[in-house]
Amino acid sequence: MTDPIPELTRSEREEFWKTLGWSPELPEQDRRLIEQRWTDEAIHMAQTFGF
């Protein structure tokens, strides 16, 4: 049995998303694209593998 992936806080997500070009000033469509692609699970996986 695997452990559940811990939920990130909004600030933790934003910190990671910023490494991908995310910022509050981006057009909403661009921000949402990054946010939808990089879920908590995807962020944890990326960090596990040294991204």
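Author: Contact here means heavy atoms within 4.5 Å. The model is predicted, so local features need pLDDT of at least 70 and side-chain atom pairs count only at pLDDT 80 or more, while totals for chains, interfaces and linings use all residues. Residues are numbered from 1 along each chain as its sequence is written, and side-chain values use heavy atoms, leaving out hydrogens and water.

By this rule, Arg13, Phe16 and Trp17 of α1 meet Asp40, Ile43, Ala46 and Gln47 of α3. The residues of this contact comprise 4 nonpolar, 1 polar and 2 charged (Ala, Val, Leu, Ile, Met, Phe, Trp, Tyr, Cys and Pro count as nonpolar, Asp, Glu, Lys and Arg as charged, and the others, Gly among them, as polar).

Phe16 also takes part in ring pairing. Rings of Phe, Tyr and Trp (its six-membered ring) pair if their centres lie within 6.5 Å; planes under 30 degrees apart are stacked, over 60 edge-to-face and the rest tilted. The count is 4 aromatic pairs. One of them is the tilted pair of Phe16 and Phe51, 5.7 Å centre to centre with 45° between the planes. Phe16 lies in helix α1 and Phe51 in the segment after α3, so this pair ties together parts 35 residues apart in sequence; helices are DSSP runs (H or I, at least four residues), numbered from the N terminus. Trp38 and Phe51 form a stacked pair, at 5.6 Å centre to centre and 15° between the planes.

Note on methods. Helices (H or I, at least four residues) and strands (E, at least two) are DSSP runs, numbered from the N terminus.
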